[in-house]
Amino acid sequence: MQDEETMAALDVHHETHQTPSATGHRSLSSSPSSSLRTAQEQWRNVCQLMQQRLDNAVYQRWIGNLQVIDATDNSLSLAMPTRFMVDWVERHYADQLRLLWKQKGGKGDLRFVVMNPLVQKAAPATTLSPTAATPASTSADLSVSLDPRFTFENFVVGKPNELAYAAARRVAESPTPAYNPLFLYGGVGLGKTHLMHAIAWSLREQQPQKRVVYLSAEKFMYQFVRALRFKDMVAFKDQFRNVDVLMIDDVQFICGREHTQEEFFHTFNALVDANRQVIISADKSPQDLEAIEERLRSRLGWGLVADVNPTTYELRLSILQNKCDQLKQTVTTDVLELLAQKITANVRELEGALNRVVAHSQLMGRDITLDMAQEVLADTLRAHERRITIDEIQRKVAEHYGIKLAEMHSARRARDVARPRQVAMYLAKQLTPRSLPEIGRKFGGRDHTTVIHAVKKIEELLGNDTSLNEDVQVLKRILQ
Ligand code: ADP
Ligand code: MG
């Protein structure tokens, strides 16, 4: 029953990215069919002509970003990662592109589709439709499109991800399994998929004889459910038998699905026992993957478990700088600092914000300034504005000065507690929208005039007491 539901859910999910293909099954190791290759060649010719017509930055942004995902006699499917980009291209370049496409002998029409590059290349239509007359061999759709941007070269290393990076590099370079499995975990948008693709790219380059399969856990599940339905388990198992390196991304998604978990466990064991490299990613560490069976959980932790931690300000800044280099775009430091300071949740959002600013500047012909960035990102920045509380300020300040939290409310006037308390009041005034009486109440029911006094005192000291100045800067940084 659950499998039926899963199946239905996945069908819906896949339809949005689905690009039906008439090219039939592609096997794991075979190269794209010749019709696809011809189409790609013709498309390259079209691109060359467009490149001559357009300004380079404009070309790179729009045409250069179109990815050929499928070719049939009726159409060439071109994908971009967002609806916005697709709409833009359709509105501004589709006519020219269609004309050139015909001129270059291309078959059929051009179709522009939204496809997140992280999502698997859509499988051939026959394997996706649950009503297909013949059970298609499952081994057909392990072909993977790797995101060309997700390489080691493009990965910025910092404290939060250095272990995961080093482990990924090691696995990519080692002729035999380095750690089995390598288990990468961390929050969303912190670079797990990037690292996995990077491993695959590197293997493809340096050890091309190796058969590498990268699969989202969803896809694994989908194929498994399909195989069950079409009673095609032999084929399902077969496809993994000859794999040298298996990567399963976002394994938390197979949690709680007993059948799939069981099968995954067998596949996993078989590969590890055969000394093949397995690489797993998830949003949590193996112990914390709750809905997963105990024996699988413990087995997942046998190799190396490496975490990808939330980014630091420094790492965010270097990622932004790196990204600007890639885009060949100069953005002033104050703008980058604004982004690095405000958009802290994950790297995907950070990149999204930078892209938006750059796109806006290109489309509107505006220079990128602090004001412009603030305007373009107004909604995003508001959403990310952290609501700092007085409690939090008191806690951090107490921690920083090594005094008890209770001293924030106490009546003691000794310098070693009075000064930190004043700093906390000053920060409360600066960083929260609370009124002076409200702040006073939070500090052991003090009068608002005490708060005014504290704020004035600290402001005065900031001018000539460098060590206090540093304390305040550090605290602000921590709190924001
Ligand atoms: P996850 O799989 O952990 O959710 P992704 O690997 O999809 O995250 O990363 C999200 C985006 O952030 C991608 O565009 C990726 O290239 C980028 N990214 C994440 N970490 C880094 C990094 N350290 N250096 C460069 N880009 C990064
Ligand atoms: Mg991912």
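A polar contact is a pair of N or O atoms within 3.5 Å. In this predicted model, an N or O atom in the side chain of His-194 lies 2.6 Å from an oxygen atom of ligand 1. The protein buries 95% of the 560 Å² that ligand 1 exposes when taken alone.

Polar side-chain atoms of Asn-161 and Lys-192 also approach ligand 1, at the distances tabulated here.

| Residue | Ligand 1 atom | Distance |
|---|---|---|
| Asn-161 | nitrogen | 3.3 Å |
| Lys-192 | oxygen | 2.8 Å |
| His-194 | oxygen | 2.6 Å |

**The shell around ligand 1**

Ligand 1 is surrounded by 18 residues, of which Gly-189, Thr-193, His-194, Arg-348 and Glu-351 are the closest. By class, the shell comprises 8 nonpolar, 7 polar and 3 charged residues. At least two shell residues come from each of helix H8 (192–206) and helix H15 (347–364). Because domain 2 (136–308) and domain 3 (313–384) both give residues to this shell, ligand 1 lies between them.

**The largest nonpolar core**

In soluble globular proteins, nonpolar side chains tend to be buried together. The largest nonpolar core here has 29 residues, and those touching the most other members are Ile-248, Val-251, Phe-264, Ile-280 and Leu-300. Two or more residues of this core are given by each of strands E5 (212–216), E6 (245–249) and E7 (277–282), and by each of helices H9 (217–229), H10 (233–241), H11 (258–273) and H12 (294–300). Helix H9 provides the largest share, 6 residues.

Key:
Residues are numbered from 1 along each chain as its sequence is written. Chains are lettered from A and ligands numbered from 1 in the order in which they are written. This is a predicted model: local features need pLDDT of at least 70, side-chain atom pairs count only at pLDDT 80 or more; totals for chains, interfaces and linings use all residues. Side-chain values use heavy atoms; hydrogens and water are left out. A residue is near a molecule or strand if one of its heavy atoms lies within 4 Å of it. A polar contact is a pair of N or O atoms within 3.5 Å; within protein, one must be able to donate a hydrogen and the other to accept it, and residues adjacent in sequence count only if both atoms are side-chain atoms. Accessible areas come from the Shrake-Rupley method with a 1.4 Å probe; for residues, only the protein chains shown count as cover. Helices (H or I, at least four residues) and strands (E, at least two) are DSSP runs, numbered from the N terminus. Ala, Val, Leu, Ile, Met, Phe, Trp, Tyr, Cys and Pro count as nonpolar, Asp, Glu, Lys and Arg as charged, and the others, Gly among them, as polar. Domain bounds come from an automatic or database domain assignment. A nonpolar core is a set of buried Ala, Val, Leu, Ile, Met, Phe, Trp, Tyr and Cys residues joined through side-chain atoms within 4.5 Å. Buried means under 20% relative accessible area, exposed over 50%, partly exposed in between (1.4 Å probe, protein chains only).
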